[in-house]
Amino acid sequence: RSETQLALQCVERKSDMSKPTYLGFPDSLDHPERWPPNDCSLIDSGDTAWMLVSTALVFFMTPGLAFFYAGLIHRRSVITIMMQCFISLGIVSCLWFLIGFSLAFGETSRNIIGNPSSYPLFLNLDLCTPVGYPMWPATGTIPAIIFAGYQMLFAVITPAVIAGAFADRFRFGPFLLFLALWSLLVYCPFAHWVWSPNGYLFQWGVRDFAGGIVVHIAAGWSALGSVLFTGSRHFDSEHDRLIANTPHNRTFVALGVGILWFGWCGFNGAAGGESNGVAAYALTNSCISAGAGMLTWLAVEQHHTGKPSLVGACIGLVCGLATVGCSAGYIRPWAAFLVGSVAGPWCYAAIELRKAFKLDDALDVWGVHGAGGLLGSTLLGCLADEGINGMGRSGAFFGKQLCASVWTAFYSCAMTYLILTLINLVTPIIPTKDQLRAGLDVSLHNELAYDEDAVKHARGLPSSVECAPACKDGALEVIQVKADVGHPAADAAAPPPATMIVFQQTTPQTGCA
């Protein structure tokens, strides 16, 4: 139908569509008269197009996170860590559709949590319903349904981020329970407190433009709580420890970070809900902070280890993006450069501190997201520019941001520990020794990431050996096996020599092994 026909239809139905059709318990809604009317003339096509594109960009971040984590982990858990990222798309999307969006952005109950009857099954989000009360401070120019979808993908990627902390220590069934409970008990409350105009932290004056508090602090400090509960991984030898803590595929790391940075343009750039100057500042500030974070991380790494690394460059980039999230739409580009420049050394120091306390955060989720988000949220109080988005820096604003950040860190860590305790009472979380010995990819999912590992598994060879294909000479097949000793730790003087083992195996097969 043409826009003219659609507009005429809206006018004809104005008497029926002027108020939303309440479901569930309408008497519990605080201000039904403040809900925006269903009026197509309020929708701006430019803002809507930007939100549609940004929603797709944020969706793309979850597969990017899967590649990033898969490259950082050892080869026997690639399928497991990718599955944990992808399954969040299924579990959290459905949960958000059923009740999560209502809890986060519905009518409030004592400024603590949203009313579950506000938007169950995304009802009350009609064709021409613009974003507005109770999910937004004022009636906006985009359809509320795209706002719900955009926020859904924030909710999807946040618990997936946590999975990197407890790699090799979580069975799949308990992980599904964790996704659901954490989303309902941690993510939805903080989304309501910080982003909903009815939330008590929002009304107190706390601001979080694109998830510095709700996403990064909540996920990062939940990662710490999960590591405290699951404890450290156990290794039979120092060689096994080295293999487990060495990125197995650095090209996956670079690919994943490239996808994440691309998606972050929508993650930070569209958080204001409009295609305007604030969005331009947010996107530009994000890229500036990412570049600065990368450079300062590499500078510290060069000083500490003597050589810069590709993995270090990728992690430094993520540090800059995670740290600037809270302030991206409130600061000038010079401030974004400052945030990123501080983020690299700050997160590097946090990771070294984690190592000193012997906490086994496998992929350093706390050091990057927890510490970085805490820094970025606090710096907003010092760097906000009133001319950008109406919030100016002040001592009071700094204090509120600091208090909200510390409260988020404490609540997320403690609630995650409690959630895992309750799940463990129902079903064991940590895999058995036999499952770990076989590798979680095989024992939990009956899959292997690489065909060569499948060959080794069938022959009874450990996955820590690397088989070089060799052609058969007559009935005798010659196979070269090189021990995969990984790469040395950052402070090691030189890599240990690789071990070459050549053995012969009689096989009736023809061609190359």
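What is the volume of the second largest cavity? In this predicted model, the second largest cavity has a volume of about 70 Å³. Its lining is made up of 13 residues. Trp-35, Pro-36, Tyr-119, Asn-124 and Thr-129 are the ones that lie nearest its centre. By class, this lining has 8 nonpolar, 4 polar and 1 charged residues.

In total, the structure holds 5 cavities of 30 Å³ or more. The largest cavity contains about 180 Å³ of space. It is lined by 19 residues. Of these, Leu-65, Phe-68, Tyr-69, Val-318 and His-369 lie nearest the centre. Six named helices, H3 (45–72), H5 (144–162), H8 (212–230), H10, H12 and H14 (365–383), each supply at least two residues of this lining. The largest share, 5 residues, comes from H3. The lining of the largest cavity divides into 16 nonpolar, 2 polar and 1 charged residues.

Two of the helices that line the largest cavity, H10 and H12, also pack against each other. H10 spans residues 250–269 and H12 spans residues 310–324. Their axes come within 10 Å and cross at roughly 20°. Angles under 35 degrees count as roughly parallel, and H10 and H12 are therefore roughly parallel to each other. Their crossing is left-handed. On the H10 side, the contact involves Arg-250, Val-253, Ala-254, Val-257, Trp-261, Trp-264 and Asn-268. These meet Leu-310, Val-311, Cys-314, Leu-317, Val-318, Leu-321, Ala-322 and Val-324 in H12. The residues of this contact divide into 13 nonpolar, 1 polar and 1 charged. Val-318 belongs to the contact with H10 and is also among the residues nearest the centre of the largest cavity.

Terms used. Residues are numbered from 1 along each chain as its sequence is written. This is a predicted model: local features need pLDDT of at least 70, side-chain atom pairs count only at pLDDT 80 or more; totals for chains, interfaces and linings use all residues. Side-chain values use heavy atoms; hydrogens and water are left out. Axes are lines fitted to C-alpha atoms, for helices over the stretch in contact, and angles run from 0 to 180 degrees between N-to-C directions. Helices (H or I, at least four residues) and strands (E, at least two) are DSSP runs, numbered from the N terminus. Angles under 35 degrees count as roughly parallel, over 145 as roughly antiparallel, 65 to 115 as roughly perpendicular and the rest as oblique. A crossing is left-handed if the near helix is turned anticlockwise from the far one by less than a right angle, and right-handed if clockwise. Contact means heavy atoms within 4.5 Å. Ala, Val, Leu, Ile, Met, Phe, Trp, Tyr, Cys and Pro count as nonpolar, Asp, Glu, Lys and Arg as charged, and the others, Gly among them, as polar. On a 1 Å grid over the protein atoms alone, a cavity is a set of points where a 1.4 Å probe fits but cannot get out, and a pocket is an open set with protein on both sides within 12 Å along at least five of seven lines; lining residues have an atom within 4 Å of a point. Grid points are joined across faces, edges and corners, and a volume is the space filled by probe spheres set on the points.
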